[in-house]
Amino acid sequence: MKKRIALLLCFALLLPCLFLFASCGGDGAEETTAATTENDGPYTVTFVAGDRETTVTVERGETPVFPEELLSWETAEHFYKILGWDKEIVPAQGDVTYTATVGEYGLTLYEVLFVLPIGIVKVPTHEGEIPTPPKGYETDDTQEYKIGAFKEWDKELTAPTAENTENGSKKMSYTPVYNYSPRYVAALLSAKDGAKGILTMTYDDGILATATWVNAQNKKYGTKGSCMMVPNWAGTKPNFANKVNEWNAIFADGTLEPQNHSMTHERILPGEDADWEKTQWEQHKYNCIRENYDIELVQSKAVIEEAFPGHDVICFAPSNNTLSKRSFRTDGNGNLMKYANGEYVLVNDGGATKVAEATYYAIRKGNRGVQSLDPTLDGNAGGWYNLRIRAFKDFSGDEKLTQGKSWIDETVRDGNWLIVMCHGISGNGASGSGDITTAAAESFFAYASPKIQSGELWAATFSEATKYIRERQNTTVSARFENDAVLVDMIINRTTADGKTLDEAIFHDPLTVEVRVPDNWKNVQYSDGAKTLTAAVYKHDGASFAMVNLTPGADGATVTTEVTRYVAN
Ligand SMILES: [Zn+2]
């Protein structure tokens, strides 16, 4: 450093001579050239702080940087700190001197605590020094539903001394005060209209008498359900083929819908037993060939949709709760093929399970237990292809109703999807063809009813719940505030992570979105498609919200909805 300064000094002494020479040289152009040459740099920048002087050398146009480690220093008596410079430090155009304002403080260190939203920050501060607030105090970004802009400290920042610190503890503390404004957020709610849980009743085997009775109960109690239909049940069991009008009359009321329970209710083997091919009846083997999967799982869906127009058959419950995982191979004549050793040829092609999972959006098998509102995209228990169920038939007598009521309580309390499997409902005791008596079933509906009316429990058919949750799982929402309106942006990705398409012709039910609104709003107004709707504002966590029901649009398209203040007449 010293050598450099010396060199610069020589150069500086030389300057007037050069300038003199240039002045004598003649016209202005030459003078300018000479002046530019002599001022090209490098330059010396001198920083003066008290009795300390520091020089740095910079090129023309380079901004000098004062060494950070020299910003403060100590002597035997004092602590010094540079508070600022006499002028703004700018890119060098010549030699320049900056003079510092230096603060002089006592050597005693005090602990100044800044109680920030992100936590307490300790700033060691010398006696007589105004404490410097740490970074991050300007905004309170820790609140979910509001953002704070710094307004002031709870008290004026004061230099600590032995007199003004807390009880001689050498400590003082400051807390920021913020001006808050709403943080505009939107969230998809787990169930429709903000319900805590969903109740889906499923009635297996397509029993018309049960459906007729249940439909009347549904109208009375607000319950809903799905009839798992069997288009061509062999023999004397229920068969809807000659009762399509009766069924359609029931479905027209809207409390029940048809879904699929396989074409014939023939047993499809699970395909998990080691000696599967040896222990089953010959007919059961024929049930587990690919041609049969097409009839039982795919063609049956088309038959039901044709018989009951206006219903999307997207949910499936395999008969006997079983779906194969392998298939028997047949020859060109439809006969089962065998190896030379007499064993049947089995193909590891995923069997009926794979066909069912490719065809349906929700499959209910026999796994008992609590079903979450967010099924995983797989065939594990609790996943979309193996939803958990509750069944009245697992219990006897009064236990059926006790259990049923506890399922409802648990669903509302914990936020679950209660899928109840039920077969016939009989009027003369729990034995025989019925899973539960009409008396117990009505008590169950009556118990659920107030929770449905209050909005805690959403009574939904199997397909309604499936559509809502599937759409929600593939949709994102966000909110912003512009021109006195909360704008909600909704985007659906119509391809699920397991490769299914959420066809807009089927998956077009509105999703319930909770939107943060200004705290002085009482009601909101918005549009969903052609409908203009209003909703009341409510509060939680010290912030105001409204629930809006918005229909997702085309794949990947952003649907923006304007939510505005609504003043009711
Ligand atoms: Zn069945």
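This is a predicted model: local features need pLDDT of at least 70, side-chain atom pairs count only at pLDDT 80 or more; totals for chains, interfaces and linings use all residues.
Three strands, in the order S8-S9-S11, form an open sheet whose pairing is antiparallel. Strand S8 (139-140) and strand S11 (176-182) are the edge strands, and each of them pairs on one side only. S8 is joined to strand S9 (residues 146-153) by two bridges, and the two strands run antiparallel. Within that pairing, Thr139 has Ala149 in S9 as its bridge partner.

Another open sheet is built from three strands in the order S7-S6-S10, and its pairing is mixed. Strand S7 (119-126) and strand S10 (171-174) each have a single partner strand, so they stand at the edges and one side of each is left without a neighbour in the sheet. From one strand to the next, the twist averages 25°. Strand S6 (residues 109-116) and S10 run parallel and are joined by four bridges. One point of reference in this pairing is Leu113, whose bridge partner in S10 is Ser173.

Which strands pair with S22? Strand S13 (residues 197-204) pairs with S22 in the parallel sense over six bridges. Here Leu199 has Leu418 as its bridge partner in S22. Strand S21 (residues 387-391) also pairs with S22 in the parallel sense, over two bridges, and the bridge partner of Arg390 in S22 is Val420. Strand S20 (residues 371-372) pairs with S22 in the antiparallel sense, over two bridges. In S22, the residue opposite Ser372 is Asn416. Strands of a sheet pair through backbone hydrogen bonds, either parallel or antiparallel.

S22 also belongs to a unit that includes a helix. Together with S21 and helix H9 (residues 399-414), S22 makes a right-handed β-α-β unit.

From H9 the reader can move to helix H10 (residues 438-454). Two packed helices are described by the angle between their axes and the distance between the axes. The axes of H9 and H10 come within 9 Å and cross at roughly 20°. Because angles under 35 degrees count as roughly parallel, H9 is roughly parallel to H10. The crossing of these two helices is right-handed. On the H9 side, the residues that meet H10 are Lys400, Leu401, Gly404, Lys405, Ile408 and Val412. Their counterparts in H10 are Ala440, Ser443, Phe444, Tyr447, Ala448 and Lys451.

Is Pro510 buried, exposed or partly exposed? Pro510 has 18 C-beta neighbours inside 10 Å, and therefore counts as partly exposed. A residue is buried if 20 or more such neighbours are found, and exposed if there are 12 or fewer. Leaving aside residues up to four places away in sequence, Pro510 touches Asp528, Asn549, Leu550 and Thr551. The C-alpha atom of Pro510 is also separated by 9.1 Å from that of Val548, a residue 38 places away along the chain.

Definitions and conventions. Residues are numbered from 1 along each chain as its sequence is written. Two strands pair if DSSP finds at least two bridges between them. A crossover is right-handed if, with the strands pointing away from the viewer, the path from the first strand over the helix to the second runs clockwise. Axes are lines fitted to C-alpha atoms, for helices over the stretch in contact, and angles run from 0 to 180 degrees between N-to-C directions. Two residues are in contact if their C-beta atoms, placed from the backbone, lie within 7 Å. Angles under 35 degrees count as roughly parallel, over 145 as roughly antiparallel, 65 to 115 as roughly perpendicular and the rest as oblique. A crossing is left-handed if the near helix is turned anticlockwise from the far one by less than a right angle, and right-handed if clockwise.
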